[in-house]
Amino acid sequence: MILEGNVVADQTLAEIRAGVARLRERHGVAPSLAVLLLGTDPASALYVRSKKRMAASVGIDSPDHVYPEGLSREALLALIDRLNADPTVHGILPQLPLPKGIDEDEVIARIAPDKDVDGIHPANMGRLLAGSPAVLPCTPSGCMALLDHYGAKLEGAEAVVIGRSRIVGKPLAQLLLARHATVTMCHTRTRDLAFHTRRADVLCVAVGRAGLITADMVKPDAWVIDVGNTQLPSGRWVGDVDFAAVSARAHVTPVPGGVGPMTRAMLLRNTLQAAERILGAAPRRPAASSG
């Protein structure tokens, strides 16, 4: 089975569009997502344009704060302070990676937790670890939505997560644990990686190394979520999984068209939920199970 992210993302966007309409009807405002883009990295600019198009399609405002020449540390932190204090702004998204010389940890921590729609503020990460998340990181929650949509059974499953970033690997492991999977964390320095991947019922790969996972490393009928995204010299984008070979024996996401659309959809869902919380239209959510 090919796990098409575009299909699930379209359903999620329809739900968001309806939620935005309800918010407009009740409060007379639309959710607003402030996007910060520093520097001239073409990939970052492309991602921002894609997010803005998707936001517009569901009725979410997405004003730009673009600084091609960058900003000083002081000016960037002052901008975030202004956005934190602005009641018309419900979400703040600094496009990562930030230019060299800017401390990403400091920038992320400066964003008000309620406006952290990427789910990576230390307070939100701590709540996730404690089992009571308020904002779920976009890519991990998108991975979980894909698995749920296509019917993967997670309770009691052997899940292997390759990659230990704070944006994908670590929070994804927590979400799988909350669904009662038995989780093994691996990374690029794991000895005998194939030993772990071959026993995985659910394999999530987020390393950024093209073709890392070959067919002989995957259990038949496993659920494979490929978060990798690497551009080859030819210009083609590929994931961490050998898609052609692995798709013959397992359920797998394509690249592009798998996790990417889900990440953007989850970002907009988080923005809607942030607006609902700030406007008092809904309680904090979601809740996670444990045990």
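Predicted model: local features only at pLDDT ≥ 70, side-chain atom pairs only at ≥ 80, totals over all residues.
Residues are numbered from 1 along each chain as its sequence is written, and side-chain values use heavy atoms, with hydrogens and water left out.

**The three-stranded sheet**

- Three strands form an open sheet in the order β2-β1-β3, with parallel pairing (strands are DSSP runs of E, at least two residues, and helices are runs of H or I, at least four, numbered from the N terminus; two strands pair if DSSP finds at least two bridges between them).
- Because β2 (64–67) and β3 (91–94) sit at the edges with a single partner strand each, one side of each has no neighbour in the sheet.
- From one strand to the next, the twist averages 10 degrees (axes are lines fitted to C-alpha atoms, for helices over the stretch in contact, and angles run from 0 to 180 degrees between N-to-C directions).
- Four bridges link β1 (residues 33–38) to β2 in the parallel sense, and here Val 35 lies opposite Asp 64 of β2.

**Helices on that sheet**

- Helix α2 (residues 42–58) packs on the sheet and touches β1, β2 and β3, its direction making about 165 degrees with that of β1 (contact means heavy atoms within 4.5 Å).
- Helix α3 (residues 73–85) also touches β1, β2 and β3, and its direction makes about 175 degrees with that of β1.

**Strand β6 and its partners**

- In β6 (residues 202–205), Val 202 and Cys 204 point one way, Leu 203 and Val 205 the other, and all are buried (under 20% relative accessible area, with exposed over 50% and partly exposed in between, using a 1.4 Å probe and protein chains only).
- β4 (residues 158–162) pairs with β6 in the parallel sense over four bridges, with Ala 159 opposite Val 202.
- β7 (residues 223–226) pairs with β6 in the parallel sense, also over four bridges, and Cys 204 stands opposite Ile 225.
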